[in-house]
Amino acid sequence: MKKILCGAVAAIAVVAASAPAAAQTSERHYASVLGGGVTFENPSNDPNFIDLGFIVLGPFPSDQEVADFAAETLNLGTRYVAEADAPADSETATPTVSVAFNLSGTVNKDCSFYAGNNANATNIDFGVIGVRTGDNENVNAAFEMVGAAEANIETLTAGCNFNNTVEIEKDSDLGLVNQTASGFDSDQFQNNIPYQVTASWTGVTSQSTGVSGTAQTLNVGTGDLSGSLAQGAWRSRMDIDIVAPAVTSRGLVAGDYTGTTTLTLSAI
């Protein structure tokens with residue numbers, strides 16, 4: 001057993017400064033001037049036993065209890081105690097936290113085509129389609145078209161925001177048809193005027209991603225009923241040209257010639 005210390009007793013409380021997590025302070029130091037000066041630290045708090053070989057005696061006071069008794073009751077030394085305690089983290093500390101926020105939203109598929117402010121804008125009237133009516137015309141040229149009939153349609157706003165199909169369809173592959181025509185010699189006259197439709201715009205094919213738009217063209221010829229072109233998302237101006245070449249192989253029967261061409265933009 002260690003020597004008993006003597007001297008004045010001193011107990012000092014220490015407030016722990018803020019610091020990273022570490023072992024909590026628990027220090028007990030003793031000193032005495034007896035015997036030329038004796039010091040020791042942190043004596044055991046375990047009970048003492050005496051083992052006589054055939055019998056174990058105890059328990060007896062621990063080294064710390066003996067030292068405290070000597071210092072506090074017998075005044076045989078001094079003591080320094082420093083204890084620090086604080087509750088542990090409520091959960092395992094995480095120096096780095098990473099949180100992923102999943103953002104979502106929806107953009108509806110849409111196709112747009114500005115076609116004016118009322119129905120009149122889409123009524124395309126060629127007016128009088130001129131034919132050769134002069135008395136001095138050769139019989140093989142009489143009543144034939146003087147020249148081609150043409151119409152141009154332009155819009156500055158057209159397109160779709162998803163893969164889409166641009167389609168042009170006529171109501172008849174005969175073109176403009178005179179529905180009220182009188183009887184006629186089919187070797188010399190006809191009651192229809194074939195026409196072609198060409199649409200042009202700037203876009204991309206449906207397989208293209210991240211490329212610049214280029215000139216796109218869809219043509220439905222004079223003898224065709226419809227045509228279509230697959231596209232990726234695009235927006236641009238669109239021009240539509242309608243041309244009815246002059247009919248020169250036969251004369252035209254008098255009357256009203258009508259037809260309908262439908263442009264459809266369809267998001268897929």
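Student: Which residues of helix α1 are buried?
Tutor: This is a predicted model, in which local features need pLDDT of at least 70 and side-chain atom pairs count only at pLDDT 80 or more, whereas totals for chains, interfaces and linings use all residues. Residues are numbered from 1 along each chain as its sequence is written, and side-chain values use heavy atoms, with hydrogens and water left out. Buried means under 20% relative accessible area, exposed over 50% and partly exposed in between, with a 1.4 Å probe and protein chains only; helices are DSSP runs of H or I with at least four residues, strands are runs of E with at least two, and both are numbered from the N terminus. In α1, residues 63–72, the buried ones are D63, Q64, A67, D68, A70 and A71.

Student: Within what arc do the buried residues of α1 fall, seen down its axis?
Tutor: The arc is taken over the directions from the helix axis to the C-beta atoms. The buried residues line one face of α1, because they fall within an arc of 165 degrees.

Student: What is the relative accessible area of D68?
Tutor: D68 lies in helix α1. It counts as buried because its relative accessible area is 13%.

Student: With which residue does the side chain of D68 make a polar contact of 2.5 Å?
Tutor: Leaving aside residues up to four places away in sequence, D68 touches R28, Y30, T73 and R79, where contact means heavy atoms within 4.5 Å. A polar contact is a pair of N or O atoms within 3.5 Å; within protein, one must be able to donate a hydrogen and the other to accept it, and residues adjacent in sequence count only if both atoms are side-chain atoms. The side-chain partner of D68 at 2.5 Å is Y30.
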